[in-house]
Amino acid sequence: MKFFTNWHAVHKEKMHNMKRLISFVKKEFHHVLRDPKTLMILFGLPIVQIMIFGFALTNEVKNSKIVVLDQSKDASALQLLNKIEASRYFEIEKSVTSRDEMEEAFKEGKIKMAIVIPDQFQHDLLHDNKATIQIISDATDPNTANMLNTYVNSIINDFQSSLMQGTNIPYRIIPEIKMLYNPQLKGVHNFVPGVMALVLMLVCVMMTAIAIVREKETGTMEILLVSPFQPLMVIVAKTIPYLILSLVNVTMILALSVLVLDLPINGSLGLLFAVSTLFIITCLSLGMFISVKTQTQQAAMLISLVGMLLPTLLFSGFMFPIENMPLPLQIVSNIVPAKWYYIMIKSIMIKGLGFMYIWKPILILSGITLFFIVVSIKNFKIRLA
Amino acid sequence: MINMKELVIETRNLSKRFGDFIAVDNISFEVNKGEIFGFLGANGAGKTTAMRMLCGLSIPSSGDAMIAGFDVYKETESIKKNIGYMSQKFSLYENLTVEENIQFFGGIYGLSNSDIKEKGRALIQKLGLESESRKLVGSLPLGWKQKLSFSVAVIHEPKIVFLDEPTGGVDPLTRRQFWDLIYEAADRGVTIFVTTHYMDEAEYCNRICIMVDGKIGAMGAPDFLKKKFRASSMDEVFYELARGAQRKDA
């Protein structure tokens, strides 16, 4: 009988705790949904970032303007130029008649490249089996210049092989190049996973840290700590709304990527969401940690921005390839959670890989999460003493 | 009147040290059920630290204290179920409405939905906030916020309510109305533990305790203290004691 009443009391207490948690989460949603600034960061930011990275900041080169100095004016030259013009990479701005004119166009910065076809082009090609054309690039931006060179080279090769149809030349190596996972070399494949990592990092870490510290600042935290609500539950309850809202965010980013940016999701959607949930929890635990350590909203924001955003940008591999960094920095990159998330998202979304290929990053992220949760709880208790 | 003998706060040699600094130094006192007990002192005299220990927010360095019959070291969870608290800083959520604040705090104090509804309605009616109940608390004047804050702190009928300088920054008339609420709660049997540095408020208390440098400088009913220090007002009593503190510092 005593056991029963005891059980009953424990059960009742559990119900009470559940009810408290629900009231708390409800209240937290009110806070978020009523604050236009929070909403802007929460939902405006991802949309803007996806759009900017998807459309504006691509490293693909399209419709580069070029000029042509065609001294031969023969059929072969025309054929080649038509081929170049037809590709979506180049747009022939004009045909010039002298080198001076060409140089002027470069100086004005209007063009990225010039193609000079010498006199007797067709003659050389057909009779000497060897013709030269000159390709001059504006290399102030070396990456673009390199890329354009590659494009024009492949067009010329293409042209060449069409000329050779029917003739048999021994000992020819034809490299068959295949770009795996991203055959069109689209920039979005790289950016979308990066933006996801960045946005979740920003939203979860900064927003939770600020939300918890705000209660300290306004004095409501004291009331909560004096109430029968368990201190640890205060923190848990504060993070739940952000977990839900972040999942909404992930859904939104994925929908935008698929519908607007034509990005395929090759792997399992369930695994994608599972991995995202794990990363969100990692970020929330980081936010918790920051909030336990700081007393003002400004401090929380500053630490989140400098301590989280910057390493995420630098070390996730999304902006700068980690393989190219000096060894010490490569080692540092291992403790940046976004790096592991980025790897997993790319594996799942772009490569379509399954759990077997990403269990290692999952394990590492879980470890980081556990570490921050334990440290936060420990510090939170010390603060109460 | 029989109830007056029931002790709800008992402390014996309670101390709190932060390193070398002794914030609260060996204080012992008792508070009866339904009493309005004022805790006075200059800034830094140890009022807030003492109160935080009694609420279970801070663990004492030494000494004993029983709150509502529970030990401050071992039974803080039980203490929390029996007290209300209103801090110096305004302690409701500004971007929730009056109703939502009541619902939230009722919820975390563990009241049932029907209780919250009923008590919430009574509370709003008593404060005359019917037309404001759906407005954000941030839009209310400070005096109303504080009255609401107090009413929310006692919505779960705690045995003791701790008020940490509850009337900072409001005009005397609002302060008077605030004290009407306090008296009403005390009549219902709620024990009031209030810190303040307004001397007119000290006069409203049944008994006061004046803290000087972490110790109890004087304790008793306002009239008793005035007689003891041959002072005409609490102000004079307080200055007499505060001068003592300065001498000790020098």
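**Six-stranded sheet, chain B.** I began with the open sheet of chain B in this predicted model: six strands in the order 6-7-8-3-9-10, with mixed pairing. Strand 6 (83-86) and strand 10 (215-220) of chain B each have a single partner strand, so one side of each is left without a neighbour in the sheet. From one strand to the next, the twist averages 15°. For my own record, strands (E, at least two residues) and helices (H or I, at least four) are DSSP runs numbered from the N terminus, and two strands pair if DSSP finds at least two bridges between them.

**Ground rules.** I noted that this is a predicted model, where local features need pLDDT of at least 70 and side-chain atom pairs count only at pLDDT 80 or more, while totals for chains, interfaces and linings use all residues. Residues are numbered from 1 along each chain as its sequence is written, chains are lettered from A and ligands numbered from 1 in the order in which they are written, and side-chain values use heavy atoms, with hydrogens and water left out.

Which way do strand 3 and strand 9 of chain B run? They run parallel, and five bridges join strand 3 (residues 36-41) to strand 9 (residues 207-212). I found Phe37(B) opposite Arg207(B) of strand 9.

Helix 5 (residues 142-153) of chain B lies across strands 6, 7 and 8 of chain B, at about 160° to strand 6. Axes are lines fitted to C-alpha atoms, for helices over the stretch in contact, and angles run from 0 to 180 degrees between N-to-C directions.

**Hairpin, chain B.** Next I looked up strand 1 (residues 7-18) and strand 2 (residues 21-32) of chain B, which run antiparallel and are joined by eight bridges. The two form a hairpin with two residues between them, and Gly19(B) in the turn has a positive phi of about 65°. Arg17(B) has Ile22(B) as its bridge partner in strand 2. Strand 1 of chain B also runs antiparallel to strand 4 (residues 62-67) of chain B, with five bridges; there, Ile9(B) partners Ile67(B).

**Chain A sheet.** Chain A has an open sheet of four strands in the order 2-1-3-4, with mixed pairing. Strand 2 (90-96) and strand 4 (134-137) of chain A are the edges, each pairing on one side only. The twist averages 25° from one strand to the next. Six bridges join strand 1 (residues 64-70) of chain A to strand 2 of chain A, and the two run parallel. One bridge pair I picked out is Lys65(A) with Glu91(A) in strand 2 of chain A.

Definitions and conventions
Contact means heavy atoms within 4.5 Å.
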